Amino acid sequence: MSSYKTLYTFVDSAVRSRKYAESTAHGLRSALRLFEAQLNEEENASLDKFESNLDAIYKAVYSKNPRFSAVSLQTYKSRGQNVLNDYKKYGNDPTKMANWSVKSQVRSSKPK
């Protein structure tokens with residue numbers, strides 16, 4: 001059973017393996033820190049418990065952080081869910097991490 005801290009380790013490993021850009025990792029870590037402040041001992045000790053209680057944790061984060069807009073907090077929730085999903089797919093097996101194919105996103109300017 002993995003603890004919540006495992007997600008931080010996974011993000012760092014994904015950066016070293018060039019699966020996440022550093023800017024992406026920074027946003028993921030910010031989301032993890034925001035949610036971590038609201039975790040109880042069980043959720044902190046078990047990713048399964050964290051995942052099953054994510055909606056309740058999100059509501060606690062929302063109520064304790066009135067300075068954030070609902071859209072911002074939804075973005076943080078999405079980031080937390082994404083890193084959890086990526087960890088479940090690639091984090092437990094070095095072979096899966098090595099074979100993880102990252103899609104690059106190229107942003108272009110809008111035509112005038």
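From the N terminus on, the elements of the protein run α-α-α-α-α-α-α. The protein thus described is a predicted model, in which local features need pLDDT of at least 70 and side-chain atom pairs count only at pLDDT 80 or more, while totals for chains, interfaces and linings use all residues. Residues are numbered from 1 along each chain as its sequence is written, and side-chain values use heavy atoms, with hydrogens and water left out.

There are seven helices and zero strands; helices (H or I, at least four residues) and strands (E, at least two) are DSSP runs, numbered from the N terminus. The C-alpha trace spans about 45 × 40 × 20 Å along its principal axes. Of the 112 residues, 36% are buried, where buried means under 20% relative accessible area, exposed over 50%, and partly exposed in between, with a 1.4 Å probe and protein chains only. Among contacts with a separation of 6 or more, 61% are between residues 24 or more positions apart; contact here means heavy atoms within 4.5 Å.

I turn now to the aromatic residues. A pair of aromatic rings is described by the distance of the centres and the angle of the planes. The search of the whole structure finds eight aromatic pairs. Rings of Phe, Tyr and Trp (its six-membered ring) pair if their centres lie within 6.5 Å; planes under 30 degrees apart count as stacked, over 60 as edge-to-face and the rest as tilted. How are Phe 10 and Tyr 87 arranged as an aromatic pair? Their pair is edge-to-face, at 5.6 Å centre to centre and with 80 degrees between the planes. Phe 10 belongs to helix α1 (residues 5-16) and Tyr 87 to helix α6 (residues 70-91), so that the pair links distant parts of the chain, 77 residues apart. Phe 10 counts as buried because its relative accessibility is 4%, and Tyr 87 counts as buried because its value is 7%.

A second pair is formed by Tyr 20 and Trp 100: the ring centres are 5.5 Å apart and the planes stand at 85 degrees, so this pair is edge-to-face. Tyr 20 lies in the loop between α1 and α2 (22-36), and Trp 100 in the segment after α7 (94-98), so the pair ties together parts that are 80 residues apart in sequence. Both Tyr 20 and Trp 100 are buried. Ring pairs link Phe 10, Tyr 20, Tyr 87, Tyr 90 and Trp 100 into a cluster.

Tyr 87 has a polar partner as well. Its side chain is joined to that of Asn 92 by a polar contact of 2.8 Å. A polar contact is a pair of N or O atoms within 3.5 Å; within protein, one must be able to donate a hydrogen and the other to accept it, and residues adjacent in sequence count only if both atoms are side-chain atoms. Asn 92 is placed in the loop between α6 and α7, and it counts as exposed because its relative accessibility is 56%. Asn 92 and Ser 2 are 90 residues apart along the chain, with their C-alpha atoms separated by 9.7 Å.

Next, the packing of two helices. At what angle do α2 and α6 pack? The angle is about 105 degrees, with the axes 9 Å apart; axes are lines fitted to C-alpha atoms, for helices over the stretch in contact, and angles run from 0 to 180 degrees between N-to-C directions. That makes α2 roughly perpendicular to α6, given that angles under 35 degrees count as roughly parallel, over 145 as roughly antiparallel, 65 to 115 as roughly perpendicular and the rest as oblique. The contact includes Leu 28 and Phe 35 of α2, and Tyr 76, Lys 77 and Arg 79 of α6.

Lys 77 deserves a separate word. Is Lys 77 buried or exposed? At 17% relative accessibility, Lys 77 counts as buried. Leaving aside neighbours within four places in sequence, Lys 77 is in contact with Phe 35, Leu 54, Asp 55 and Tyr 58. Lys 77 also lies over the face of Tyr 58, at 4.9 Å from the ring centre; a charge sits over a ring if NZ of Lys or CZ of Arg is within 6 Å of the ring centre and within 35 degrees of the ring normal. Arg 79 lies over the face of Tyr 76, at 5.6 Å from the ring centre.

I close with a backbone feature. Most residues other than glycine have a negative phi. Arg 18, although not a glycine, has a positive phi of about 60 degrees. Arg 18 lies in the loop between α1 and α2 and counts as exposed, at 74% relative accessibility.
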